[in-house]
Amino acid sequence: MVKLRTLNAQVFLETLCCVVFSGLVAYLVWRGRYLYYVTPRMKPYLYFTAAVMLIWACAGLPRLFAPRNRTRSAHCFSLAVPILLLVLPHSSLNTSDLSYNFARGGILGLSSSQSANGEPLPMPGGPGASMPDDGDIARVLASSEEEFYAEIPSNVYDYFTSMDETGQELDLSLYDEWGFEEDIDSDVSYDLAYDYGDDSDDALSGLDVAAKRITISDDEFYQWLDRLFFDPDPYEGYVIRMTGFVLKDPKLLEPDEFVPARLVMSCCVADLLPFGMICRSEYVGELQADSWVTVEGVIRITEENGYREPQAWVTEVVPADEVEGYIYPF
Amino acid sequence: MPGGRIPVFVVTGFLDSGKTTLLNDLLNRGDWGEISILVAQFESGEVDFHSKNGNCENIVFPKKMLDTQPEEIVRRLAERLADREYDEIWIEWNGVAALSRLYDIVLHRDLRKICEISRIAHVVDAGRLEPLISGSGGALLDQIGNSDFAVVRDSPRIKEDARLEAVRLLRAVNPGIRICGANSYNDIHRSLFRKKRSQLVVFSILTVLMALSYLAAKPLLEANGVPINKVVNVFLGITLQAVPFLLIGVHLSAAIEIFVDKAAIERRFPKTVGAGMAAAVAAGFCLPVCDCASIPIFRSLLRKGVPLPVAITFLMSAPVTNPVVILSTYYAFGGNLRIVAGRVFLGVVSAAVIGLLFALGGGKSSILKGGAFERISCSCGCWEDAAPASFSGRLGLFFRHAQTEFFSAAGYLIVGIFISSLLQSAGGDIFSFTGGGAGLAASMAVMMAAGFVLSLCSSSDAVVARSFASQFPAGAVMAFLVFGPMMDIKNFMMLSYGFTRSFILKLSAAAFLVSFSAVFAFSSIVGW
């Protein structure tokens, strides 16, 4: 006769938690839902996790009926809590969950936030070229059409341009000095990140040189903006078309500026950040924040405190469907 | 006992710990005067059991019979129980036999319908526990770990410290065990007869309650502007990132525990501290682990007798210097070899200095939570089969050890992650710190604080560090890269599962001061 034994509650709970967690992680990866929490780089690690948990569950089976007087269950909550939170309703983060801050194209890549030698570059024509470099040059560029009067809040552009409040420039040149630029040029990071190789011009779609148009597909949002911020000059005057949610924030942007942005995740959901190119339009007030739009505009290169960046002078804004998913630059 | 099985009360404890004395004290009291009791002794010590009221019968089984003829014990017990109706059975268990053998007897088909184990008590002589635990094998740990409560016997000659130490040891082996003084009969009585709740029921109720309170609280919190959705997302994000690496860590740790011979480590490990540290750095370089993984390894290295300064050097340097981290730093900073070299160099230097600090100032006091018990055994509750010879047996033990360590560390890990995600969601956007205007020291402090709060996995923190690079001087970014993997909220919490609070605080302070000084000095020299 087989020995009848009582169920070991501890082993049962441990096994149960492992099986459920394993299944849940595998499901998240299989359905691509893990991308709401971590980047695609984690995929193999998550499969590994699911496999290990399954092995543990199997290894625990023989002890399922091993008698033990004192059993515990509190430690199982270290899996039960993540399981509960994964299963219980919560929405993926969108822009309204994030305090406003955003990364201009290239800030993640560092490349665009500095000019080649750290010196202010001459303005591309126009009256702005002769204006004093007081941080308002970009506005002057457009002064023939529009009036810009608001002062830039002193802290806003510090964030992007690494100027501190005393106007002293932080020493970014270190990165140059130590060969950062050259390495960028050698495409070390690009090969890895986007796999578009040496003749990168051909790799991005949507470029129509004859019509001077760039139609950015949702899949290439990051790559295109990174390209434009890294080397804006060839594309000045091009008509650009892109889709994003409307980001406008008086703390970060001028009243006539908004960003059609997408969310970028570089490590995990904790560092989610809106990312995009500043667009200028006098009708910004009519745009609803966080709504999805497709924007068309003309690329102009502007300059803030010596750092050049492309912006789009908007010609058309139309409502668009929401683009699912985040951008994973690395 | 009509309608149910006879309750079996088991008294465990090492030889001469006072088990028979406890039985004499308890069963001759008025509470037990009216019922008939069978006392089965598996050990005969200096004191004999004697019943004043004549309501207890006793039967003695020598250890030899337990070892060679367990069937005979079952037969005799069954015979006794058939003869007469008992209300309670009390067993004085042998101090050197694993409880699984008692289960084999009580759960034998001839007995399990008649009686069932109700409570297990463990009798401890406070002054003798520590040497016993260090000196004796797994049976004692097995008995302590399976007991519902402990009866701590002390005498006037025992100092209060020894009593506290005994209680600490008992709790290390059996967290949450009830402790009774040998003379507090009310405590003992309550421990014997209080209702025992099923873990399954408790766990299910708590789980459902948690789910319901989450569902109920979510709308309320959201209405009041608490970003609960963000907290949940950030929590899950960091958890999904940390768990795989913790899994790697506990398996490496279990491998060291199960497959590496302590004597081999003592024989082969470099004798001098310097060589040991070099070996630690080399080991860190070879193991593709991040900070989540290095903590369990650190613990098992210490248990295998690796000197503390060397183990600390490993703990502090491995998350910074291993190939995965080096590669991810290389790519994140666009192939900038100086950043990579700076990170590795400063990480190794800081780790070595922190190790040396502990070599110079470190007392001999135990930093492992369980003290003596930790040094001789893992806490995985697998004492009864402590050293299986077969490979498959060891493999099973390997997974079991890894799993147990995972569960104990993961509890602290998720608490740490939860705190981190609360701070990140509540404290505004941590990425909006502006480094401008502040001096290098201040921006370094800000970046190190950010690293501490963010609790990023060291395998991917370089990417985030790079996004700071345009707002902070390179020295501050470097401080983030060096200090973050050494110590952050999640590491701080995770160390709590195996180490004393004072050690963790010392280690954190040392990590902060040393890495700060190292990066600051280096930055000044190279002009960052």
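In the predicted model, Leu440(B), Ala441(B), Met444(B) and Met448(B) of helix H19(B) meet Phe512(B), Phe516(B), Val519(B), Phe520(B) and Ser523(B) of helix H23(B). Contact here denotes two residues whose C-beta atoms, placed from the backbone, lie within 7 Å; helices are DSSP runs of H or I with at least four residues, numbered from the N terminus. The residues of this contact divide into eight nonpolar, one polar and no charged. In this classification Ala, Val, Leu, Ile, Met, Phe, Trp, Tyr, Cys and Pro are nonpolar, Asp, Glu, Lys and Arg are charged, and the others, Gly among them, are polar. H19(B) spans residues 440-454 and H23(B) spans residues 501-526; their axes come within 11 Å and cross at roughly 135°. Axes are lines fitted to C-alpha atoms, for helices over the stretch in contact, and angles run from 0 to 180 degrees between N-to-C directions. H19(B) and H23(B) are therefore oblique to each other. Angles under 35 degrees count as roughly parallel, over 145 as roughly antiparallel, 65 to 115 as roughly perpendicular, and the rest as oblique. The crossing of H19(B) and H23(B) is right-handed, a term used if the near helix is turned clockwise from the far one by less than a right angle, with left-handed used if the turn is anticlockwise.

Residues are numbered from 1 along each chain as its sequence is written, while chains are lettered from A and ligands numbered from 1 in the order in which they are written. Because the model is predicted, local features need pLDDT of at least 70 and side-chain atom pairs count only at pLDDT 80 or more, whereas totals for chains, interfaces and linings use all residues.

A second pair in chain B consists of helix H10 (residues 228-259) and helix H13 (residues 291-303), which pack at an angle of about 20° with their axes 6 Å apart. H10(B) and H13(B) are therefore roughly parallel, and H10(B) passes H13(B) in a right-handed crossing. Among the residues that make the contact are Phe245(B), Leu246(B) and Gly249(B) of H10(B), together with Ile295(B), Pro296(B) and Arg299(B) of H13(B). By class, this contact has 13 nonpolar, four polar and two charged residues.

Tyr45(A), Leu46(A), Phe48(A), Thr49(A) and Val52(A) in H2(A) meet Leu240(B), Val243(B), Pro244(B) and Leu247(B) in H10(B). This contact comprises eight nonpolar, one polar and no charged residues.

Domain bounds come from an automatic or database domain assignment. Chain B is divided into domain 1 (6-193) and domain 2 (240-526), and 43 Å separate the centres of these domains, taken over C-alpha atoms. Chain A is assigned domain 1 (9-87) and domain 2 (96-319). The contact between the domains of chain A takes four residues from each of domain 1 and domain 2.

Chain B averages a pLDDT of 83, with 91% of the residues scoring at least 70. The mean for chain A is 71, and 64% of its residues reach 70 or more. Over residues 106-200 of chain A, pLDDT stays under 50. The model scores ipTM 0.82 and pTM 0.78.

Definitions and conventions. Helices (H or I, at least four residues) and strands (E, at least two) are DSSP runs, numbered from the N terminus. pLDDT is the predictor's confidence in each residue, from 0 to 100.
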